[in-house]
Amino acid sequence: MYGELVPVGGGDNIPLLEKRLLIGRRESCDIVLRFSNISAHHCQLFVENGYWYVKDLESRNGTRVHGRRVERKRLDPGCEIAIAKHKYTVEYTPTDLGASGPPPPDEEMLNQILGRSLLERAGLSRRERTTEDEKDRYDATNDEAGQIKDPEKPL
């Protein structure tokens, strides 16, 4: 056994018997959660460098770690994971899974920081141009008259 999911609020613990587990509503999943708000293939748990990670499989109701929706995140021992609205605490020992030294960097935080430009994160990103914008611009290669609107001309 590589760890277990302990339901918050009570219930039977779910043993983590493999290093790669598919969680979902379908019978073909490694861990079957028979709830209507769980997607057929909701998320995947896997061990990497001695730590459990979760990857959301584009589920409708999402996967959360400590209340924040995630796409891929490292699960440290004792952290809370919510699969849709069903909460569990992840219990395991990283050294038993082959971890040595400090935990690896959390990719989700790096992607969140480096995945967008500083201007986008500040809300100052350049807007997309539309065909209307193109019509309003002066074309230096076009010799036709009337490209520049006369402000003195009546409407």
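Q: What share of the 155 residues in the protein do buried residues make up?
A: Buried residues make up 34% of the 155. A residue is called buried under 20% relative accessible area, exposed over 50%, and partly exposed in between, with a 1.4 Å probe and protein chains only. This is a predicted model, in which local features need pLDDT of at least 70 and side-chain atom pairs count only at pLDDT 80 or more, while totals for chains, interfaces and linings use all residues. Residues are numbered from 1 along each chain as its sequence is written, and side-chain values use heavy atoms, with hydrogens and water left out.

Q: How many helices and strands does the protein have?
A: There are three helices and 11 strands. Both are DSSP runs numbered from the N terminus: helices are H or I with at least four residues, strands are E with at least two. Along the sequence the pattern reads β-β-β-β-β-β-β-β-β-β-β-α-α-α.

Q: Why is the pair of Phe 46 and Tyr 53 called stacked?
A: Rings of Phe, Tyr and Trp (its six-membered ring) pair if their centres lie within 6.5 Å; planes under 30 degrees apart count as stacked, over 60 as edge-to-face and the rest as tilted. By this rule there is one aromatic pair. The ring centres of Phe 46 and Tyr 53 are 5.7 Å apart and their planes are at 10 degrees, so the pair is stacked.

Q: Are Phe 46 and Tyr 53 buried or exposed?
A: Phe 46 has 6% relative accessibility, so it counts as buried. Tyr 53 has 2%, so it is buried as well.

Q: Which charged end sits over the ring of Tyr 53?
A: That of Arg 72, which is 4.8 Å from the ring centre. A charge sits over a ring if NZ of Lys or CZ of Arg is within 6 Å of the ring centre and within 35 degrees of the ring normal. The charged end of Arg 74 sits over the ring of Tyr 51 in this sense, at 5.9 Å from its centre.

Q: Which residues touch the most other members of the largest nonpolar core?
A: Among its 28 residues, they are Leu 5, Leu 45, Trp 52, Leu 75 and Ile 81. Strand 3 (20-24), strand 5, strand 6, strand 10 (80-83) and strand 11 (86-91) each supply at least two residues of this core. A nonpolar core is a set of buried Ala, Val, Leu, Ile, Met, Phe, Trp, Tyr and Cys residues joined through side-chain atoms within 4.5 Å.

Q: What makes Asn 49 count as exposed?
A: Its relative accessibility is 56%, so it counts as exposed. Asn 49 lies in the loop between strand 5 (43-48) and strand 6 (51-56).
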